[in-house]
Amino acid sequence: MTTLDEERIAALLRSAQVPEPRVDVGRAVRDGRRRRQRRRVGGATAVTVLVGLGVVSVVELGRPPTPPAAVTPILAASPTAAASTAAAPPVTCEASWLPQPIGGSVAVANRVDPTGRYIVGDIGTGNEDGRVVLWTDGRAGVLPASARHAAAVNARGVVVGTDGGGRGWVYRNGKLRFLATPPGYQAVLVHAVNSRGDIAGTASGAGESHQAVLWSAERPQEFRLIGRQGSGAIAISDDGTVVGSMDQLPYRWTPEGTGAALAVPDGYPRASVDSAYGEWAIGMVPGDRKGNAVQMLPVRWNLSTGAVTLLPFPSASGIAGTGDLLVDDGAPLVVAPDGTSRRLPGRPEVHSTDAGTYTANGISGDALTVVGAAYENEAYRPLVWRCRR
Amino acid sequence: MADAEGEFVEYVSARLPSLHRTAFLMCGDAHLADDVVQQTITALYVNWRRVSRVDNVDAYVHRMLVHKLVDEKRLSWAKVRLLGSMPEPRRPPAPPDDELAERDSVVSALAHLPRGQRTVLVLRFLCDLSLADTAAAMGCSEGNVKSQTARALVAVRQVLGVSEMSGRSTR
């Protein structure tokens, strides 16, 4: 075999008649935004994106989000300082690596159960080939390959997620089972599981039709549709209260299935819920228009009072049962309901001080465990921050 | 933030013809090539912030493309099993008497190769990936790439006609 042969093959391949591509870059951007939003809801990224009715969102790509000037005093703290900025109960936090049972340059912890005992994440090349990893008391186990994109884990180590084909799954007692897709719908998106094993998600079908669905971890082939068409479920509390959306409005259903809209902040046309735990929920409202894009602003609901507040941060990635917010403005920050905040510390062996070196994706119910990753030398490594009061 | 999106659109627009050619030559199916490229650039958009930071973006994108193709193939194999039989269409070999015919015949030559062999040929000789990058893209060893390449070249030479190839090579 000669090099000339190879050159000849190369020339033939370069000049071979191929059909005209029918590929749409605009569609890729639109679909990609939608997927980023879903992933964000699922906790894998912290990008402020929401595709709304006739509104193009601001997509934050390539650089860390810029904190608004109003919160500079809180955000100006050193990115790696483990300190409470107020006289609130002193909390000390420590970052430690999570073990990686398999290779992969993108290894990220995404979610933690309310107790901090179970952590789920992804390890892969960042190339849609990630395997779901479940860390139990710090020990890693890899889920079967057909479990992709974990969305949540509960206090009993039950993991739920949605594979790349829009099929929901539940991993329980070492077994993977798939969730029924309701008839008339083509795909589901699974978002949450409560301590009883009730699973919440959204089924979607032709023409953007969608509806909120509940399953049970014990009987994954059974399901219950919630609300009517146009509904969606994002979170489910331990008593079975579902939080999600109905058309363009944030919504809540009682365990009996009675629905009511959640408040939208004055002056805003709509709002969406991203996640909820206990009596708290967080989400976003469309803020200032920038050209033909809109900057999405984070909000927090107190579900027991129904009050909604705009948050003075670029985005919120999670909320604990204590009302503590996980904020990622280039470095992880936990903000208590009274406004005091603590930066999560880094690891001494990580030298990069760039914004975005550390990402925090999930927070436990007591706000004492935060999970995420550190990015350096073109690789992400999974991290857990454990704090003590 | 608009810059990164502009950067993405610029990159993809420039690479689209070559990505599509790559996908088509790997799978031999125009619709599948469209689908796979569309999926690849969508995934690329989602991961752009991360991907645009890697050293060799092209190699990375090729890897995504190969994975998407394998996924799609798996899916269609699953469908075949589900629906009974669905034989792959065979392309008639083109008469090898002028250059245009030869260009087409490389497509039909590829159609006769197993997937791994056509993937190595396309990645190594069309995309100009190194041995290591090809192995990484296909998720196999470099030795495996070498042996697949050797077998693929033998097969292609047979289809295209040994005499013609070596005649051109020594000219």
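**Figure 1. Residues 162–171 of chain B in the predicted model**. Across residues 162–171 of chain B, pLDDT remains under 50. For this stretch, the model has 11 contacts beyond four places in sequence. Helix α9 (residues 162–170) of chain B has a mean pLDDT of 43, the lowest confidence in the chain.

**Figure 2. Helix α2 and residues 75–98 of chain B**. Confidence in chain B is highest in helix α2 (residues 30–46), where the mean is 87. Over residues 75–98 of chain B, by contrast, the pLDDT is below 50. Beyond near neighbours in sequence, residues 75–98 have 16 contacts in the model. For chain B, the mean pLDDT is 72, and 72% of the residues reach 70 or more.

Figure 3. Because its relative accessibility is 5%, Tyr358(A) counts as buried. A polar atom of the Tyr358(A) side chain lies 2.8 Å from the backbone nitrogen of Arg347(A). Tyr380(A) stands 22 residues away from Tyr358(A) along the chain, and the C-alpha atoms of the two are separated by 9.1 Å.

Figure 4. The secondary structure of chain A consists of 3 helices and 29 strands. Chain A has 389 residues, of which 55% count as buried. Among contacts in chain A with a separation of 6 or more, 44% are between residues 24 or more positions apart. Chain A has an accessible surface of about 16,000 Å², and carbon and sulfur atoms account for 51% of this surface.

How values were computed
Residues are numbered from 1 along each chain as its sequence is written. Chains are lettered from A and ligands numbered from 1 in the order in which they are written. This is a predicted model: local features need pLDDT of at least 70, side-chain atom pairs count only at pLDDT 80 or more; totals for chains, interfaces and linings use all residues. Side-chain values use heavy atoms; hydrogens and water are left out. pLDDT is the predictor's confidence in each residue, from 0 to 100. Helices (H or I, at least four residues) and strands (E, at least two) are DSSP runs, numbered from the N terminus. Contact means heavy atoms within 4.5 Å. Buried means under 20% relative accessible area, exposed over 50%, partly exposed in between (1.4 Å probe, protein chains only). A polar contact is a pair of N or O atoms within 3.5 Å; within protein, one must be able to donate a hydrogen and the other to accept it, and residues adjacent in sequence count only if both atoms are side-chain atoms. Accessible areas come from the Shrake-Rupley method with a 1.4 Å probe; for residues, only the protein chains shown count as cover.
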